[in-house]
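These notebook entries record what I looked up, topic by topic. The structure comes first.

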Amino acid sequence: MAFAGKWETETQEGYEEFCKLVGIPDDIIEKGRDYKLITEVVQNGNEFSWSQLYPTNKRVTNKFVIDQECDMETIGGKKFKATVTMEGGKLSTKFPKYHHTSEISGGKLIETSTVGSVVLKRTSKKI
C-alpha cells in the first residue's frame, strides 16, 4: 500500500524538453511549468486507481491491476491498452510515446517518464 495517498509535485526535471517531444502545445507547457500536479492513488493489493489533476483542470484516472492488460488514457485524451508491471516495488508501463515508472523512495513518489534520451523526473511529497 506504499503508493496509496495524495501527492503533490515538489520538483520536476526535464519537463519542457519532454513535453515538446511528446507533442504537448506550448501554452499548456507554460501553464504546467510551475504547476503542483496532484496525484491521488487508491491501492487495494494489486488493484490501483491512479488519478492526476493537470493545470488545465483536467483529471485523468487510470484503473489497473498489476500484470493485466487494461484500458488507459493519456493527458491528451488518447486511449490505449497497456499492462502495468511491478518489479522491485517499481510500477512500470509503456505509454504510446514514452515509458513510465513510479516508485516510492525516501517517502516520496518518484515518477520517471522516458522517451529516447529525454527524461522527465517528477518528485512528489505526500499531502
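Entry 1
I worked throughout from a predicted model. I located Thr74 in the loop that lies between strand E5 (69-73) and strand E6 (79-83). Is Thr74 buried or exposed? I noted a relative accessibility of 12% for Thr74, and because buried means under 20%, Thr74 counts as buried. I then listed its contacts, leaving out residues up to four places away in sequence: Thr74 touches Val60, Phe80, Phe95 and Pro96.

Entry 2: the largest pocket.
I next turned to the largest pocket, for which I recorded a volume of about 880 Å³. Which residues lie nearest the centre of the largest pocket? I found Tyr54, Thr74, Ile75, Phe95 and Tyr98 there, out of a lining of 41 residues. Thr74 from my first entry is therefore one of these central lining residues, with the lining defined by an atom within 4 Å of a pocket point. Phe95, which Thr74 touches, is also among those nearest the centre. I sorted the lining by class and noted 22 nonpolar, 14 polar and five charged residues.

Entry 3: aromatic pairs.
I counted six aromatic pairs in the structure. One of them joins Phe3 and Phe48 in an edge-to-face arrangement, with 6.0 Å from centre to centre and 70° between the planes. I noted that this pair links distant parts of the chain: Phe3 sits in the segment before strand E1 (5-13) and Phe48 in strand E3 (residues 47-53), 45 residues apart. I found both Phe3 and Phe48 to be buried.
I then recorded that Phe3 also pairs with Trp50; this pair is tilted, at 5.9 Å centre to centre and 55° between the planes. The pair again links distant parts of the chain, since Phe3 precedes E1 while Trp50 is in strand E3, 47 residues apart. Trp50 is buried, as is Phe3.

Entry 4: strands E1, E2 and E3.
I followed the pairing of the strands from E1. E1 and strand E2 (residues 38-44) run antiparallel and are joined by four bridges; I noted Glu40 in E2 as the bridge partner of Lys6. E2 and E3 also run antiparallel, with seven bridges between them. How many residues lie between E2 and E3 in their hairpin? I found two, and Gly45 in the turn has a positive phi of about 65°.

Entry 5: Thr9 and Ser124.
I placed Thr9 in strand E1 and Ser124 in strand E11 (residues 118-126). Thr9 has a relative accessible area of 4% and is therefore buried. For Ser124 I recorded 0% relative accessibility, so Ser124 counts as buried. Beyond its neighbours within four places in sequence, Thr9 is in contact with Tyr35, Lys36, Leu37, Arg122, Thr123 and Ser124. With residues up to four places away in sequence again excluded, I listed Trp7, Glu8, Thr9, Glu10, Lys108 and Leu109 as the residues that Ser124 touches.

Terms used
Residues numbered from 1 in each chain as written. Predicted model: local features only at pLDDT ≥ 70, side-chain atom pairs only at ≥ 80, totals over all residues. Heavy atoms only, no water. Buried < 20%, exposed > 50% of the residue type's maximum accessible area, 1.4 Å probe, protein only. Contact = heavy atoms within 4.5 Å. 1 Å grid on protein atoms, 1.4 Å probe; cavity = no way out; pocket = protein on both sides within 12 Å on 5 of 7 lines; lining within 4 Å. Points joined across faces, edges and corners; volume = space filled by probe spheres on them. Nonpolar A, V, L, I, M, F, W, Y, C, P; charged D, E, K, R; others polar. Phe/Tyr/Trp six-rings, centres within 6.5 Å; stacked < 30°, edge-to-face > 60°. Pairing = 2+ DSSP bridges.
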